[in-house]
Every structure is written in C-alpha cells, then in structure tokens.
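Visitor: I would like a quick tour of this chain. Please show me the structure, and then I will ask about its residues.

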Amino acid sequence: MLRLHNSIRPAFRSRRWAHNIPTFSHLNSVNEEDIAHFSNILAPTSILSTLSSVSTPADDIAPYNIDWMGKYHGQANSVLRPRTTQQVSEIVKYCAQRKIGIVPQGGNTGLVGGGISLQKEIVLSLGAMNNVRSFDPVSGVLVADAGCILQSLSEYIAPHNHIMPLDLGAKGSCQIGGNVSTNAGGLRLLRYGSLHGTVLGLEVVLPDGTILDQLSTLRKDNTGYDLKQLFIGGEGTLGIVTGVSILTPPAPQATNNIFLALPRFDNVLPLFQTVKRQLGEIMSAFEYIDRTAYDMGLQHGLGPLLSADEVGDSQCFVLVETSGGNQDHDLEKLNSLLESLLTADEPLINTGVLSQSPTQFNSIWALREGLTECVQKEGKPYKYDVSVPLADFQNVVDAVRERMISKGLYGDHAISKVMGYGHVGDGNLHLNVIAKHGYRPELEAALEPFIYEIVADRKGSVSAEHGIGSMKRDALHYSKSEVSIEWMRKVKQVFDPLNIMNPGKVLP
C-alpha cells in the first residue's frame, strides 16, 4: 500500500420508558391439529415443531428463536419452511382462519428483534425459497425468491459484470426478502441509493393469503399507487415478501480505496465536502471509524493499516472508496485529491494509505467490515443504528459515554466501551455500547430512552437500518409524529385487521 505522510451537552427531555412485551389474547397457539393441517401443505422435512406429533429436538428449533446477538429469545414451538409462494399463501390463509400469529423470518441477522416471536406465533422461515427466477444482463434486472442469500445473488450476477446495489456485513447470511422488508442500506447506499429506488417490483402474500403480484421489471410505471413501497421497510407487518425484482448496476471497471487518519473529529465534515467535490461521480463510499473502534479492531487482529507512529494521537479514521470505468482516470483524481490534502496550509489528515492491489483493497475494507464481529468478541453489545447530522456523530458517542460514567456503569464491571462508526454519506451512525459481562436491566435503563432523546433533540431517526422491530417499537414517537403513527396504524388495519402479521413489531 502507498503510504501518505504528512461539545455541548443538550438539554434532554424526561420521558417514562419501559420495554413491555405486548399480549396477544386474540391469537391462538399452534396445536397438534394445526401441524396436521400444515403437513398437507409441506413436506415433513419442512416442518419443525416441539409438539409430540413431530417432536423436533429443542436444539433444532433454537436457531429460529434467538437472534444472532443472543439478546432476543422467542417462544415459537413450530417453524414452517415453505418452498413456493403458493405454499406460503396456503399457510397464511389457514393462519388467518385460525387466528395464528405469523413471524416471517429471513436470515435472522437483524438487530432489533424483528424476526423473533414474542409469544408463540409460528415462525415462517423463507430460507428454502432460494431460486433465481430470471436475470436480464442488458437491463440488469434480477428477479429472485425472497430467501436468496445476498452474497449468492452477488455471485450469480458477477459473471454478467453486474453487482447488487447493496452490500452488507451480513451478506453471507442475510436474505434479499429480509433486506427489502427492513429497507437495508449498507455500504453502497451513497452510490446506488436505497431499496426504495432500486426495487422495481415485489411479490407479496397478504394477511388473508392473497398473492399480490407486482413483480414488475419496468423502471417506469406511473399507474396509480405504488403499493410495493409499503412493504419495503414494512418488516413483515403488512404481508410476506416472497419475490423481489431489483435493478442491479454494472460492475465498476476500476475500484480503489484509501484509509486516512484524522487529527480530530471536526475535520471529518470538511474532508467529506472536499472528497465529494474532487472525486465527484466516482466516489462510492465514505466510512467513518472512531479511535476506540479502530483500536478494538487492532486488538482482534484487523490491520494494522498504519504504524503506531503514523497514527499517533489521531482521533478518527475515514475509508474512501472509488468505483469508476477507467483506472487511469480514477487514479489521477485520487492522486490530485491526496496532493491537495497533504499540501494544504492546515491539513485535514495526518496520514493515510492508498491501496495498490486487489489484496490491499480488500485488506482496507476488511478492517471496516470486521468491526461488527470484533464487537461481539468484546462482550454483549447494545447496538443503536441511528441517523443524526454528521456534525453530531462524536457528540452522541461522547454523551453516551459520559452518561454511563455518571451512573457508575462505565468500566470492566459494566460498560467497557462506547464507540461509533458508520456511513457518513447517509448520516448513519452505528453506536455500539459494549456490556462486558452481558445484558443487564440496569444498563438498558441507563441507555434507553436517553439515546433516543439525544437523537430526537438532533432531529434524527431512531432507526437508520434494521427497522423498528420489537426493540424500538415504543421509541417510534421520537422520530414519528402522532399523526404519522396514527396513519401507520390505519394502514396496518386495512392490510391486517386480524393483527396476525408479525404482531407486536413496529407499531407501539
């Protein structure tokens, strides 16, 4: 790699806060008779149940009842794994008649408990629906089952010189239906936009079992209400996404990245402006990492990308990626950018590295993408993916750390680290608060609603990625007005009057 050398605390509102698990007295639990009915729809291998008629070992059910962080534990006694949209339709139609709650589940990589049963709703796992239905290499339109893993789709279209418009750290496990249902953003949103723009059509099974076929491959369709938008980010509360039509962009012919160390956080915003202005259309990512997160990554074997002497007392780091069609053109722009940064009267950066090969390119990204796994190794993380103005990234992290210190909860006995990293281009801060010895009620009480009040005071969003789920259901009012929430309820009532679709999620 080529090496380059050279707060004010807000007034918070006080609100009562409690995580209440709602009761669903209107819903029925799954029984032996229900399992017998499902066996007429699905093959025996597609039904998991602890009920005596099937007697699946509890260990086989467990992965569907616990999220990947180990924070949310479900109560489902049965899991169904349909292979076709028609099977999903028949299952949902029956559940509507019997008033059985349904929790659609993709790769189960979410962070807010959106894919976990709260009581004894049935889990409908889409993982067996994993066929690519079609791909047009001319238009770049891909049509796939909801259970297709994101990385598998990337590999499928790679020989056709196309890429998926979203890239996530969980790409090896997450499924495209879950991505759509949570409106996943990820590392490429800055360049290719959100799924609200790249998803062209959806196939959805509605709460009464009706199949809504809007699996359009057209980029322009101005015929009335765009119903698919309701299901993008709907988290399975309005229907179950079973098929996705998505526009995939051509693969860039030249990719480069640089990793920069900054003396202080205040330099991030002017650096972002400078990079956008000089790189223009080829900038595809601008990622932020604070010093705590960087040091943690080093402790767990990521990098180092810079020597300790080069890093010095740098407060934060930035990863910039470019994607273009001509390597010479792109390198010329990058070199011009770096020269201007290093020769400025008051340099915005301390030092940095520029990748010189695909291996070096991947090693730079490995540090950023590996942070999530490192966090898991540190302890049990309270993860808050929020949107706030870029200028407040570090202020939010510092305020949370000060909060835990003031409560006597900062240190190896409680919260060992508070750190931030994320996507500067879309204002998405990944705020991670690590509990050294596991989740505890007093830690959560100190964090919530404090963090949501910080976000609200900055006119941010309590959820930038992963949705609302059950974790942030009662925090929705920090980002949505009462009028907005009331109309969300009305939409829910129209689609799902029986409240069987992922009950207890999203709406307070």
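Visitor: Which residues does Leu271 touch, leaving aside those up to four places away in sequence?
Guide: This is a predicted model. Leu271 belongs to the largest nonpolar core, which has 66 residues. Its contacts beyond four places in sequence are Leu260, Leu262, Phe286, Val318, Leu341, Leu348 and Ile349.

Visitor: Which members of the largest nonpolar core touch the most other members?
Guide: In soluble globular proteins, nonpolar side chains tend to be buried together. Here the largest such core holds 66 residues. Those touching the most other members are Val268, Leu271, Phe286, Tyr384, Val400 and Leu431.

Visitor: Is Ser323 buried or exposed?
Guide: Ser323 sits in strand E13, residues 316-324. It touches Arg191, Glu281 and Asp330, among others. Buried means under 20% relative accessible area. Ser323 has 5%, so it counts as buried.

Visitor: What is the relative accessible area of Leu230?
Guide: Leu230 lies in helix H8, residues 228-231. With Tyr225 and Leu227, it forms a nonpolar surface patch of about 330 Å² accessible area together. Leu230 is partly exposed because its relative accessible area is 34%.

Visitor: How far apart are the end C-alpha atoms of residues 72-251?
Guide: An unreviewed UniProt entry lists this span as "domain: FAD-binding PCMH-type". The span is 22% helix and 22% strand. Its end C-alpha atoms are separated by 38 Å.

Terms used: Residues are numbered from 1 along each chain as its sequence is written. This is a predicted model: local features need pLDDT of at least 70, side-chain atom pairs count only at pLDDT 80 or more; totals for chains, interfaces and linings use all residues. Side-chain values use heavy atoms; hydrogens and water are left out. UniProt positions are given in the numbering used here, feature names are shortened, and annotations may be inferred rather than shown by experiment. Helices (H or I, at least four residues) and strands (E, at least two) are DSSP runs, numbered from the N terminus. Patches are made of residues with over 30% relative accessible area and no salt bridge: like charges are joined within 9 Å, nonpolar side chains (Val, Leu, Ile, Met, Phe, Trp, Tyr) within 5 Å. Accessible areas come from the Shrake-Rupley method with a 1.4 Å probe; for residues, only the protein chains shown count as cover. A salt bridge is a side-chain nitrogen of Lys or Arg within 4 Å of a carboxyl oxygen of Asp or Glu. Buried means under 20% relative accessible area, exposed over 50%, partly exposed in between (1.4 Å probe, protein chains only). A nonpolar core is a set of buried Ala, Val, Leu, Ile, Met, Phe, Trp, Tyr and Cys residues joined through side-chain atoms within 4.5 Å. Contact means heavy atoms within 4.5 Å.
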